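Work through the following exercises with the sequence and the coordinates open. Each task is followed by a solution in steps.

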Amino acid sequence: MTLYTPSEILIEQGEENAPVVQRALERLPEVPVHLVDKDWERQLSARDDVDRFATGKRRWLFTRQRSTFLEHCPAGTPGLVCCNYLVVSLISNCPMDCSYCFLQEYLANNPTLKIFTNVDDLLREVATVVDRQPWRQFRIGTGELSDSLALDPVLSFSTDLVPFFAARKNALLELKTKSDCVGGLLALEPKDRVVVSWSLTPPEITDTEEHGTASFSARLEAAQRVQAAGYKLGFHFDPLIEFPGWEAGYRDTVLQLFSAVDPSRVAWVSLGSLRLTPALRATMRRRFPHTRLLSGEQVPCADGKWRTFQALRVKMYRALTSWLKGVAPQVPLYMCMETAPVWEKVFGRAPTCDKEVARTLTAANLGNYGRGSDSS
Ligand code: SF4
């Protein structure tokens, strides 16, 4: 298992005694620690970093989240089929460094990896929304602005989140990762309310484009361990990447995956195309000059992102769908950030409303708990 460590730890004044800070200091005794005031952003801006984004990944700042935690997933963009997913972020920035990661644009000038100390506020906020609407079913994930588990060996946020969601009948927590840092999950009791999910690419892409992540075989082994411990699993073939030999690569990946895990305990599998903005493409060219992801043909789409041209992405979606249905016919499949016409071409029909995908995914995993007049 990889242990991701910082080059320095910054603690905002007043947060020294937060439990997550104490855990990190105890587990990383050799890392230099500095106390900073609330004006830390200005202090750090004065430092002249050659690659501020890369440096920031290893400079951990413990601070408070001063706005709300719970947000709608940004994939809910007009014109795209939405799956009504909610996100909460206890960490902003990621210790890994995938060449295609949107954080390179979203957090371009961010000098730190932020860790929010006020976990209680997050839990209170989620409880207010989930418990006050028992007729609704929720899917909530932590993997939007960071990897959900890579820092868990140090921070142990899973010990706050898993019991909280295990105690709720109408909500699922998704922990999305490219790591194999699952040790902290094994002693917890998820009670079918926690889905641990992995983004997967064929090993030739994992090894060359997903820098600092766990290997494909390490991810599979980690998935087997959490499945044996009672967790549901999820998998995301997102981004789907075209490369010479992609068909054999993805087919083998699907076959290996479902020969390693029990499909009846897989909550969902998603598919998504590689999507890049012009600014992200420029950053990738600068930071990863040898990436092969910029050589494929992409076309601009209505949401401002560039995607693999439609005929090829439909071909890729159909191929993945047929291999997945061949080995795991009962597992719910959906697409992320795709239009209704593409859904029709791949699945034969598009969802009738923006609540349908959410209903399918929650009902398959929560049954009738909390089912009422509205499930999104
Ligand atoms: S694991 Fe996810 S968040 Fe982390 S660098 Fe890769 S794409 Fe970005």
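Predicted model: local features only at pLDDT ≥ 70, side-chain atom pairs only at ≥ 80, totals over all residues.

## Exercise 1: Other charged pairs

Task. How many salt bridges does a search of the whole structure find? Describe two further pairs and a network.

Solution. Step 1: the search finds 14 salt bridges. Step 2: one of them joins Arg168 and Asp131, whose closest N and O atoms are 3.0 Å apart. Arg168 is in the loop between helix H7 (158-166) and strand S10 (171-177), and Asp131 is in helix H5 (residues 119-131), 37 residues apart. Arg168, at 16% relative accessibility, is buried, whereas Asp131, at 39%, is partly exposed.

Step 1: Arg349 and Glu356 meet through their side chains in a salt bridge of 2.9 Å, N to O. Here Arg349 is partly exposed, with a relative accessible area of 42%, and Glu356 is buried, at 18% relative accessibility. Step 4: Glu15, Arg64, Asp121 and Arg124 are linked in a network of salt bridges.

## Exercise 2: The buried residues of H14

Task. Which residues of helix H14 are buried, and what covers them?

Solution. Step 1: H14 spans residues 356-366, and its buried residues are Glu356, Val357, Ala358, Leu361, Thr362, Asn365 and Leu366. Step 2: the cover includes strand S9 (138-141), S10, S13, S14, strand S18 (333-335) and helix H13 (340-347). Step 3: just after H14, Gly367 takes a positive phi of about 65 degrees.

## Exercise 3: Strand S13

Task. Is His236 buried or exposed, and which residue does its side chain meet in a polar contact?

Solution. Step 1: His236 lies in strand S13 (residues 232-240). Step 2: its relative accessibility is 3%, so His236 counts as buried. Step 3: the side chains of His236 and Ser270 are joined by a polar contact of 2.6 Å. Step 4: leaving out residues up to four places away in sequence, His236 touches Glu174, Lys176, Ser197, Trp198, Ser199, Leu200, Trp268, Ser270 and Tyr334.

Pro239 also belongs to strand S13. The peptide bond from Asp238 to Pro239 is cis, with omega near 10 degrees.

## Exercise 4: Nonpolar cores

Task. Which residues touch the most other members of the largest nonpolar core?

Solution. Step 1: this core has 115 residues, and those with the most contacts to other members are Leu155, Trp198, Phe235, Phe237, Tyr250 and Phe258. Step 2: helix H12 (residues 310-327) supplies the largest share of the core, eight residues. Step 3: a second, separate core has five residues, including Leu10, Val36, Trp40 and Leu61.

## Exercise 5: The ligand shell

Task. Which residues surround the ligand, and how many fall in each class?

Solution. Step 1: the surrounding residues are Cys94, Met96, Asp97, Cys98, Cys101, Leu103 and Lys178. Step 2: by class, the shell has five nonpolar, no polar and two charged residues.

## Exercise 6: A buried loop residue

Task. Where does Leu28 lie, and which residues does Leu28 touch?

Solution. Step 1: Leu28 is in the loop between helix H1 (19-27) and strand S2 (33-36). Step 2: at 2% relative accessibility, Leu28 is buried. Step 3: not counting residues up to four places away in sequence, Leu28 touches Thr5, Pro6, Ile9, Trp60 and Val154. Step 4: Leu28 and Val154 are 126 residues apart in sequence, with 7.8 Å from C-alpha to C-alpha.

Terms used
Residues numbered from 1 in each chain as written. Heavy atoms only, no water. Helix = DSSP H or I, 4+ residues; strand = E, 2+ residues; numbered from the N terminus. Buried < 20%, exposed > 50% of the residue type's maximum accessible area, 1.4 Å probe, protein only. Polar contact = N/O pair within 3.5 Å; in protein donor to acceptor, adjacent residues only side chain to side chain. Contact = heavy atoms within 4.5 Å. Core = buried A, V, L, I, M, F, W, Y, C linked by side-chain atoms within 4.5 Å. Near = heavy atom within 4 Å. Nonpolar A, V, L, I, M, F, W, Y, C, P; charged D, E, K, R; others polar. Salt bridge = Lys/Arg side-chain N within 4 Å of Asp/Glu carboxyl O.
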